[in-house]
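Look at the sequence and structure first, then read the points below.

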Amino acid sequence: MDEKLVKKAVRGNFNAYSILVHSLKEEGYKLAYTILKNEQDSIDAYLQAVEKGLKNIKNLKEVKYFKSWFLKIVINEAKNIISKIHIKNLLKIPILFTS
């Protein structure tokens, strides 16, 4: 990772952030896909990570850890999608009441 670019992104440079996350696009997608096993959900996880990362880039403590920081966000977003899918599936299960 280009540490100068990361520093610019941390200072609020959107173009620098865009270049950084674009360079991790394939890796982020593949990581999400290994968790989700679904193309569209994996794209969604990556895009949600891009959005969340942009909002939280100022909290990055060490510029040298940008890649692992961002990929951890991708993992967390994939897990959030799994949780949402699980909840939707639970809601589809009919609840039987016995007396």
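The protein has five helices and zero strands, where helices (H or I, at least four residues) and strands (E, at least two) are DSSP runs, numbered from the N terminus. Along the sequence the pattern reads α-α-α-α-α. This is a predicted model, in which local features need pLDDT of at least 70, side-chain atom pairs count only at pLDDT 80 or more, and totals for chains, interfaces and linings use all residues. Residues are numbered from 1 along each chain as its sequence is written, and side-chain values use heavy atoms, with hydrogens and water left out.

**Whole protein**
- Of the 99 residues, 28% count as buried (buried means under 20% relative accessible area, exposed over 50%, partly exposed in between; 1.4 Å probe, protein chains only).

**Helix α1**
- Helix α1 spans residues 3-10, and its residues Leu5, Val6 and Ala9 are buried.
- These buried residues fall within an arc of 100° seen down the axis, so they line one face of α1; the arc is that of the directions from the helix axis to the C-beta atoms.
- Asp2 caps the N-terminal end of α1, with a side-chain oxygen 3.0 Å from the backbone nitrogen of Lys4.

**Helix α2**
- In helix α2 (residues 14-23), the buried residues are Ala16, Tyr17, Leu20 and Val21.
- They cover an arc of only 125° around the axis, which puts them on the same side of α2.
- Exposed residues Phe14, Asn15 and His22 sit on the face of α2 turned away from its buried side.
- Asn13 caps the N-terminal end of α2, where a side-chain oxygen lies 3.0 Å from the backbone nitrogen of Asn15.

Key: Polar contact = N/O pair within 3.5 Å; in protein donor to acceptor, adjacent residues only side chain to side chain.
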